Structures are given as C-alpha cells and as structure tokens.
Amino acid sequence: MYQEVGLVDELKVFTGNAHPVLAEAICGYLKIPLGQLDVFQFSNENIFVRILENVRQRDVFVVQTGSSPVNQNLMELLIMIDAMKRASAARITAVIPYYPYSRTDKKDQPRVPITARLVADLLTVAGANRVLTVDLHAGQIQGFFNIPVDELSAIYLLSDYFRKKALPNLVVVAADPGTAKRARNFADRLHAPLAIIEKRRIGNTQKTEAYNVIGDVRDMSALIVDDEIDTGSTIVEAVSALKKAGAIEVYACCTHPVFSDPAIQRLAASPLKEVVVTDTIPLSEKKRLDKITVLSLSPLLGEAIHRIHTGSSVGELFPNGG
Ligand code: R5P
C-alpha cells in the first residue's frame with residue numbers, strides 16, 4: 001500500500017549560470033558537493049534545465065543572484081524551481097543574494113509597474129516555498145510574498161572590516177536619506193557620528209544630483225554607506241560633496257556591486273580611497289580595481305541555509321538587528 005514519505009533529511013544546493021563561484025563557496029561552507037544540473041539555451045534562446053540527480057523529498061536550495069544578464073538569470077531561476085517542483089522536491093528555497101527589480105517597488109508615478117511584486121508572484125507560482133536574500137532595497141519587499149522570506153544583512157561583515165581598519169576621526173555617511181536607517185545602524189556599530197547626503201534623482205534617467213551634506217564632516221574620514229552601486233553616479237557625486245564640505249579622505253561600501261557602465265571608470269577616476277563590496281554579484285576581471293575590496297558573504301549564506309534546513313533561528317545571526 002502507498003505510504004506517504006516524509007522529508008528526506010538531506011540538503012541539496014543547486015545553481016544556475018548567474019554566480020556559480022558563490023554557490024561553490026556556500027557548498028564549501030556546508031561541506032556538501034554542489035548539486036548536478038544542466039542549464040542551457042537552445043538555438044531559439046529558450047532556456048532548458050535538466051536536474052542530474054534525485055531530488056525527490058529533498059530540502060532543495062537554488063542559488064541564483066539577480067545579476068546581469070538580469071532577465072536571463074531570473075528566467076533560469078524560475079525554470080530551475082519549476083524543474084525541482086516537478087521532480088518532487090519536498091521544499092524549495094530560492095536563494096537570491098541580489099533581488100532583481102528591487103528598485104521598482106512602488107507606484108510612485110502614474111501608469112508604472114511594481115515589478116518587484118511581479119517577481120515575487122513569479123517565484124511563488126514557479127514553486128518556491130521560501131526565499132533567502134540579502135539587503136533588499138526596501139525591506140517591505142518581504143511583504144510582496146505570502147511565503148517566508150529571510151533577509152540577511154551585510155552590515156556586520158562590512159562594519160567589522162572598517163572596525164579593524166580603525167580609521168581616525170570617522171564619520172559614516174548615508175548616500176541618500178533613503179539609506180539613513182542602514183547608515184545609522186552602521187554608524188552605531190562603529191561608534192561614529194552620522195551625516196546624510198541630500199540627493200535628488202532626476203526623472204527616470206540614471207543621472208542624479210548630490211546636494212548638500214547634512215552633518216559635520218570637516219577634517220574627518222568619511223565612509224559612505226549604500227545598498228548598491230549601479231552606475232556609480234550617486235557615490236561619485238557624494239564624494240565631491242563630502243570633499244567640498246571638508247572631508248580629508250572618503251571611503252565607500254555597499255552590499256551589491258552592480259557596477260553597470262560607466263561605474264568602474266567613475267570609481268577609478270574619483271578620489272575615493274577604497275570601495276568595499278560583497279560578492280552578491282560576480283565581478284569580472286575588468287571590473288576589479290586595486291581600490292575595490294570584495295568580502296564574501298558565503299559563510300553567512302551557508303550558515304543561514306544550514307539553519308533553515310535544521311529549523312534553527314536565522315534571526316540569531318543578527319542579535320542587534322540588520
Ligand atoms: C538608490 O536608491 C540606491 O540606494 C543607490 O543609491 C542607487 O541604486 C545607486 O545608483 P547609481 O550608482 O546608478 O547612482
């Protein structure tokens with residue numbers, strides 16, 4: 001007679017083509033091999049996935065970040081989840097270190113989409129049972145899902161790095177008022193004061209304008225904090241505003257190094273001393289400058305996966321909040 005089989009106590013991690021190096025590093029932390037899977041495109045650009053091992057009743061984690069090419073990587077993720085569901089995985093967690101379309105998260109003009117919500121619906125319909133992500137552009141995106149979302153934060157990793165550097169006379173600077181809460185937490189962890197750049201984005205273009213610096217930065221080392229660097233416009237404008245306001249040297253850090261053109265040229269030409277980022281997005285050789293330091297989130301992601309798998313607390317990883 002048929003007997004229902006419970007969850008097999010086996011954790012499996014798979015990845016698509018977005019960031020296999022990060023997936024390998026996560027598996028290194030977990031001391032398990034990366035799951036075997038083929039993901040490729042047919043000549044008509046249709047993506048195809050073939051899982052090369054049994055996932056029936058397994059606890060499956062699919063690692064795929066929302067890096068470039070964004071739409072292709074997103075589609076790969078959806079198709080991998082669909083394949084896992086149809087192969088009878090017991091639970092599927094989408095591990096999305098950089099959530100795609102996270103900046104399109106509200107209807108702030110007439111007749112525009114909320115694509116971050118659409119992505120949440122697509123993931124759920126594909127068959128994701130949970131989501132694990134890092135530093136969402138807006139924490140409220142968690143509420144776009146009716147499945148559990150665990151949001152990790154890179155704040156400990158990044159602030160620990162700067163604590164070890166022990167920069168004298170440090171001030172933490174929010175790249176714009178929207179980042180002020182994140183920067184406040186960052187400043188608290190470094191026992192440093194906070195300043196804020198008043199920034200205004202013009203229309204839907206990539207061009208931004210940095211305005212005045214709110215707070216005292218004169219004769220100080222300034223550390224700009226942001227969730228992501230895309231074209232680099234926000235950061236370089238913030239650097240010139242800080243220099244004008246009397247900062248001696250300027251550092252920057254962010255979780256997600258999107259680094260679309262011409263970010264690398266802008267960062268190279270700016271007087272920034274160092275830009276510290278994480279590996280939620282892969283950086284090609286040509287995007288690596290001496291002044292860019294990459295810290296790996298693979299131990300944190302690996303630990304979170306272990307805790308989700310064993311039913312232990314993920315929140316305990318952030319005792320004082322993210
Ligand atoms: C904006 O709200 C974000 O926090 C970042 O400041 C922004 O995405 C950076 O974009 P860019 O590097 O193109 O100025």
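Tutor: Let's start with a word we will need: a contact means heavy atoms within 4.5 Å. Keep in mind that this is a predicted model. Among contacts in the protein chain with a separation of 6 or more, 64% are between residues 24 or more positions apart.

Student: How do you know that the radius of gyration of the protein chain agrees with a compact globule?

Tutor: With 322 residues, a compact globule would have a radius of gyration near 20 Å, and the protein chain has 21 Å, so the two agree. The C-alpha atoms fill a box of roughly 75 × 40 × 35 Å along the principal axes.

Student: Why is Asp-230 called buried?

Tutor: Buried means under 20% relative accessible area. Asp-230 has 15%, so Asp-230 is buried. You will find Asp-230 in the loop between β11 and α6.

Student: What makes the pair of Asp-230 and Arg-103 a polar contact?

Tutor: The cut-off for a pair of N or O atoms is 3.5 Å. The side chains of Asp-230 and Arg-103 make their polar contact at 3.0 Å, which is within that cut-off.

Student: What puts the buried residues of α4 on the same side of the helix?

Tutor: In α4, which runs over residues 155-165, the buried residues are Ile-155, Tyr-156, Leu-158, Ser-159 and Phe-162. They cover an arc of only 165 degrees around the axis, so they lie on the same side of α4. These buried residues pack against α5, β11, β12, β13 and β14.

Key:
Residues are numbered from 1 along each chain as its sequence is written. This is a predicted model: local features need pLDDT of at least 70, side-chain atom pairs count only at pLDDT 80 or more; totals for chains, interfaces and linings use all residues. Side-chain values use heavy atoms; hydrogens and water are left out. Buried means under 20% relative accessible area, exposed over 50%, partly exposed in between (1.4 Å probe, protein chains only). Helices (H or I, at least four residues) and strands (E, at least two) are DSSP runs, numbered from the N terminus. The arc is that of the directions from the helix axis to the C-beta atoms. A polar contact is a pair of N or O atoms within 3.5 Å; within protein, one must be able to donate a hydrogen and the other to accept it, and residues adjacent in sequence count only if both atoms are side-chain atoms. The radius of gyration is taken over C-alpha atoms; the globule rule is 2.2 Å times the number of residues to the power 0.38.
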